[in-house]
Amino acid sequence: MNKYHMTTEKKKFFDQFATLLHEIYHIMGFSRQLYQFFVDPATNKRKALSDTYIVKNNAKFPYLIKSPHVLEYAKKYFNCPNLEGVPVENAGGEGSAGSHWEKVVLGNEIMVADQVANPVLSHFTLKLLEDSGWYQINYNMAEPYFWGKNEGCQLMTGKCQFHSNTCNTDAAEGCFYDYTFQASCKGDTFTDDCKFFTGTDFSQHDCRVPENKAINDGHFGEYYGLKSRCFNGRIKGKKRLHGNMCYRSECRKGVISMRIGDQVYKCLYEGQKIKPTGVDGYVTCPDPKDFCAHDEALCENDCNLNGRCVVGNKCYCYPGYSGASCGIKNGRPLNNAILPLYKPGQDPKDKPVVKPETKPVVKPETKPVVKPETKPVVKPETKPVVKPETKPVVKPETKPVVKPETKPVVKPETKPVVKPETKPVVKPETKPVVKPETEPVVKP
Ligand SMILES: [Zn+2]
């Protein structure tokens, strides 16, 4: 590799580096010329080519990889138990056909034939390399991947209406399916008849890159920076109507919160229209379940865009960067300020934010407070029941004395009722609030 030709622009670095990795994976085994040399690691003998690669002439996608680990993984991933093989590219010449994943089926895998937004090294490519019999694979290095997941066998028909990421109108504005990029609707030689929200010059349209605000002439309330995501809608800008916007957002308990200007709006269901105050237009909510699945698979602070996020929410930092979210450069913390979701003091969940250290103190205080409150509630119920039994036995008037005797009777009944109601109410509200708020503050 000639480093002279590598970009020095940070946001474009990974796109170029991914191209390099792509070529290396060809050399390592992902090549129609190499399948015939794959070996069975048990016997160390060459497998038949048809154990790895078959051609079904009349199928929509005629070239299929059916090596055992790939096939087993793909059946579960696509939710297609009858899958015969994972389609590889049928378009393109000798250089492309048979040696890349089919773009319609595995859109932004690093081993599709085209340059794509956010190329991902998924389990599919790693499984194929394992099936060569030449390598042991560390699957901890796979990156989270969602394209076509659980879409069923119908995905293999290549019919666009069965694909959740397709779009209809050329050049219509939308979002890349992982919500990180602004995209436009287009097809190409590798997408057959289908169109997807992709685009060109992906790095110019990454919501997470602050410099992109100038390029995109950010309209009202937009935010370009870490933890910003792309949303569809129709918002009238200074010069034109916009179909995709970048807003600071996050998932909380399956609900998407997005900050538009100084206001926070919530997406509760897919297709919900949000009309921000002071804005001509609306934002259309994505499916919160899908959006949050992507969000949860990503790493803290998007690895500060200084590394790649692998499965298990672990950042692998580029050289020179370190820390759990790659927020340290050459030993010094980067000053990557992240816009808070709410204006200071307005987050409904962080009103006690002023005293982050008192929260652990509050908890032990509330428990003793809760118990005395519940006892008086319990007593009126138990008194009529307990007293008739205890009165003839001991002292009907001395409550403190009666209690030790009645406790063995009362507690088994009240404990399961009282405690589970109070504790789960207190803890889940406070704990999740503390962590997400303090970590982004601490790390930069
Ligand atoms: Zn290639």
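1. Two strands count as paired if DSSP finds at least two bridges between them. Strands are DSSP runs of E with at least two residues, numbered from the N terminus. Under these terms, the bridge partner of Glu250 in strand 11 is Ser257.

2. The model is predicted: local features need pLDDT of at least 70, side-chain atom pairs count only at pLDDT 80 or more, and totals for chains, interfaces and linings use all residues. Residue numbers start from 1 along each chain as its sequence is written.

3. The Glu250–Ser257 bridge belongs to the pairing of strand 10 (residues 241-252) with strand 11 (residues 255-260), which is antiparallel over five bridges. Two residues lie between these strands in their hairpin, where Lys253 has a positive phi near 50°.

4. Strand 11 also pairs with strand 12 (residues 263-267), again antiparallel and joined by five bridges. Within this pairing, Tyr265 of strand 12 stands opposite Met258. The hairpin of strand 11 and strand 12 has two residues between the strands, and Gly261 takes a positive phi near 65° there.

5. A separate point concerns the sheet of strands 3, 4 and 5. This sheet is open, has three strands in the order 3-4-5, and its pairing is antiparallel. Strand 3 (53-55) and strand 5 (86-87) are the edge strands, each pairing on one side only.

6. Two bridges connect strand 4 (residues 63-65) to strand 5 in the antiparallel sense. In this pairing, Ile65 has Val86 of strand 5 as its bridge partner.

Terms used
Helix = DSSP H or I, 4+ residues; strand = E, 2+ residues; numbered from the N terminus.
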